[in-house]
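Subject: Structure handover

Hello,

Please find the structure below, followed by notes on what was found in it.

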Amino acid sequence: MTVALFLEQILNGLQLGVMLFLMAAGLTLIFGVMGLINLAHGSLFMVGGFVCAAVAAWTGSFWIGLAASLAAAAALGALVEITVIRRLYDRDHLDQVLATFALVLMFSEGTRFVFGSFPLYLDPPAFLSGPVTLPGGLPYPAYRLAIIIAGLAVAAGLGLLISRTRLGMQIRAGEADREMIAALGVDIRFLYTVVFALGAALAGFAGALIGAIQSVQIGMGEPVLILAFVVIVIGGIGSIRGALVAALIVGLVDTLGRFLLPTLLAGVMEASAARGVGSAIASMLIYLLMAVVLVFKPKGLFPANA
Amino acid sequence: MKKTVLSLATAASLLAGVSFAAAEPVKVGMITTLSGGGASLGIDSRDGFLLAVKQSGNKDIEVIVEDDAQKPDLAVQLADKLIQSDKVDVLTGIVWSNLAMAVVPSAVAQGKFYLSTNAAPSQLAGAGCNPNYFSVSYQNDNLHEAAGEYANSAGMKKVFIMAPNYPAGKDSLSGFKRFYKGEVTNEIYTQLGQTDYAAEIAEIRASGADGVFFFLPGGMGISFMKQYAGAGVEVPLIGPAFSFDQNILQAVGDAALGVKNTSTWSKDLDNEANKAFVAAYQAEYNRLPSIYAAQGYDTGNLLLSAMAAAPVTDADAFRKALEAADFKSVRGKFSFGPNHHPIQDIHVREVIKEGDIFTNKVVGTALADRADAYAADCKM
C-alpha cells in the first residue's frame, strides 16, 4: 500500500462525506424544526437526479440541469409540505413514517410514469470529466474534487444562514420552542414550508451532483437515505454542525474500512476468507460506529437542544 | 400491482368464430420484474416473449403476466396463485437467481414446466436439476467463464477481479477463474447495490493489473464505468454482457466505448432469425432489443415449437418436444445439454457508437459450443 493510495482514499471518504452531508442537512433540519421523520427525502434526491439528467439532455448544459434540479426539488418539497406533510406534524412518528413511505412509493412510480423504466444518462460537464493531478503527483477525478468543494461551500453557506440571518434565527428558535415562536407572531406555517423546501433543494442538489457519476435510476435515493439517517443519529438530531462532522466521519470510516479491513485481516487469516470477512465487516462498520456513539452519547455527538 | 392479461385466444375466437377444433390450449404464467430498479430487465424479457407469441399468430396460447417487484416472497405468492387459481401449465420470466431459487423447485415439483428466460443458478444445473426445468438463457457461470477465456487470449497476465458480495457474485468470480490462467492481483467483493466505487478504483490504479474483470449488473455497472472513466485509469475492462445491455449503455455513454464484454447474443449476430427479430422488435416497441429481450423471444419460440409437436397434457411428449429445441434461435446454434441447459457459442462484443446510439458489435467467439460445469452432477 502506498501513501498516494491512502491519500486518494481519504479524498474519496471526504467526497462521500460531503455528499451525505447535503442529504443529512435537510433531514436533520426538518426533524429538528418540525419533529418530522421524512422517509421521502430520498425521493427528492432521485427527483433532483432525474430533472438534472432530463434538462441537461434537453438543453445540452449540465449547469442549467443543476439549476433546474434545485428549483424542481424545492418546488416539489414546498408542494408536498403544503398538501401532505402539514397534516402530519401533530401525528406520532409512526403515522409520519407510514405517510412518507407512501410518498416514496408514489414518487418512484410517478418517476417511472414520467421518465420510463430505463436509467437516464447524465455526465459531468466536459471540463470536469477527466482526472486532475494534485500536488504530489496524485491523479484524482476533477469532478469528485468539485463535489468536495461544492459540498463544503454549501456547508459554510448553511452555517452562515443559520447563525447570521433572520430566517436562521427563526429556525433556531423553532428548534428550541415551537409554541413560543408561534406566540411571538412568526408565521410558523410559512417557516415550515421554507425549511422543508430548503431541505428538499439540498437533497435535489445532491441527487443532481451524484447523478453525474452514478446511475440515474428509480430508487437511487433509498441507499443514500439510510446512510443519511445514520449520519443524523451520530451527529445529534437537529444539529447542522453535528450533521457535517458525522457525515465526514461516516464517509471516511466507510471508505477506509472497505479499503483497509480486507488487507488488515489478510495478516491473520487465509487470503480469500479475509476478503470475504473483511468486506462483510466493512459494510457493517458504520452501523457499529453508530451503536458505539449511542452507547456513550445517546443524543449524538452534538445534541441540538443541549 | 400491475396485472396484464393477454387473452389472445378469447379475442381471436370471438372475431373469427370458432371454425376448427382448437388444439390443446397452453396457459403460461410469466413472473417477472416490472417495477423497481430492475424493471428494465423484466420489461425486455416480457416484450421479447410476447413478440414471439404475437408473431406466431397461435391462438391457443394465453399469457398471464405478473410483476414480482424483484421480491422473492412476492414471486412465491404469484407462483402459488398462477398454479392454483389460474391453473397455468408453464411458468417463465424470472430475472433474478434468488427469486428463481424461491419459485422453481416447488413449481416443478408440482409438475409444472419452468422455462427460464434469464436466471440459471448453479444449484438448478447440477444435483438440483429437474426434468421439467429448462434454462433457455445460459448457465449463470457461462459469460464469466467466457470472460476468463477472453482474458487469456487477450494476453492479460495480471487481472483485478470484482463482483458484489452475494451468491451470483461469488459464482461469477469462480466462473472467471475456472478458465483464466494468469495471476489474480486483487479479488474484491463490493456491497450489493453499491453506488460509489472510488475506493475500488483507487485500488485498481495501485494494483498494477493489466486487466479488470467486473460483474456489476444494472445500475452498479453504470456507476462503476462512469466513475472509472472519470478517474482516468487506463487498464482495459472486461465483463459479462449484463453491464452492457442496450438499455444500460445509453446511461453510461462514452465511458463504455471500446469495453469488451461476453454475451450469448448480440444484435449484429449474422443469422436470419436474428435479423428478423431485431427489425420486428424495433418496429413493435420502437427501441433496440437487449439480451433479455432476445432470451425472452427464444423462450417464446421454444415453447411454441413444443406446442406444435405435442400437447402439454402429455408431459413426457411435451418434454421431449422441448428437449428437441426445434426452433430458430436468434443466437444461431442452440441445443440443450443433458441437464436442460443450453449448448451454445459465447461471443466477445465491443461497445461501439452507431450514430447517437451506443451498442455492441461481435468481435470474436470466446467459447464455442459451451455447455456448463455442472452437467455431470445432474441425474435425471
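The area buried between domain 1 of chain B and domain 2 of chain B is about 1,200 Å², with carbon and sulfur atoms giving 63%. Buried area here is the accessible area (1.4 Å probe) that two parts lose on being put together, summed over both. In domain 1 of chain B, Leu288(B), Ile291(B) and Tyr292(B) lose the most area to domain 2 of chain B, together 43% of what that side buries.

Some conventions before the rest. This is a predicted model, in which local features need pLDDT of at least 70 and side-chain atom pairs count only at pLDDT 80 or more, while totals for chains, interfaces and linings use all residues. Residues are numbered from 1 along each chain as its sequence is written, chains are lettered from A and ligands numbered from 1 in the order in which they are written, and side-chain values use heavy atoms, with hydrogens and water left out.

Domains of chain B

The domain assignment gives domain 1 (3–119 + 270–330) and domain 2 (142–268 + 346–377) of chain B; such bounds come from an automatic or database domain assignment. Taken over C-alpha atoms, the centres of the two domains are 29 Å apart. In contact (heavy atoms within 4.5 Å) are 14 residues of domain 1 and 12 residues of domain 2 of chain B. Across this interface the rule finds 0 salt bridges, a salt bridge being a side-chain nitrogen of Lys or Arg within 4 Å of a carboxyl oxygen of Asp or Glu. The elements giving two or more residues to the domain 1 side are helix 2 (39–56), helix 10 (272–285) and helix 11 (291–309) of chain B. Helix 11 of chain B gives the most, with 4 residues. Helices (H or I, at least four residues) and strands (E, at least two) are DSSP runs, numbered from the N terminus.

Asn301(B) lies in helix 11 of chain B. Asn301(B) is buried, with a relative accessible area of 18%; buried means under 20% relative accessible area, exposed over 50%, and partly exposed in between (1.4 Å probe, protein chains only). Not counting residues up to four places away in sequence, Asn301(B) touches Ala52(B) and Phe327(B).

Chain B against chain A

Chain B and chain A bury about 2,900 Å² between them, 53% of it on carbon and sulfur atoms. Chain B brings 39 residues to the contact and chain A brings 36 residues. Asp196(B), Arg205(B) and Lys226(B) lose the most area in chain B to chain A, together 17% of what that side buries. The rule finds 3 salt bridges across this interface. Arg205(B) forms a salt bridge with Glu8(A), where the closest N and O atoms are 3.3 Å apart. Helix 8 of chain B (219–231) gives the most to the side that touches chain A, with 8 residues.

Helix 6 of chain A

In helix 6 (residues 166–176) of chain A, the buried residues are Gly168(A), Ile171(A), Gly174(A) and Glu175(A). These residues are on the same side of helix 6 because they cover an arc of only 120° around the axis, the arc being that of the directions from the helix axis to the C-beta atoms. The face turned away from the buried side carries the exposed residues Arg166(A) and Ala176(A). What covers the buried residues includes helix 1 (3–34), helix 5 (142–164), helix 7 (178–183) and helix 8 (188–211) of chain A.

Regards
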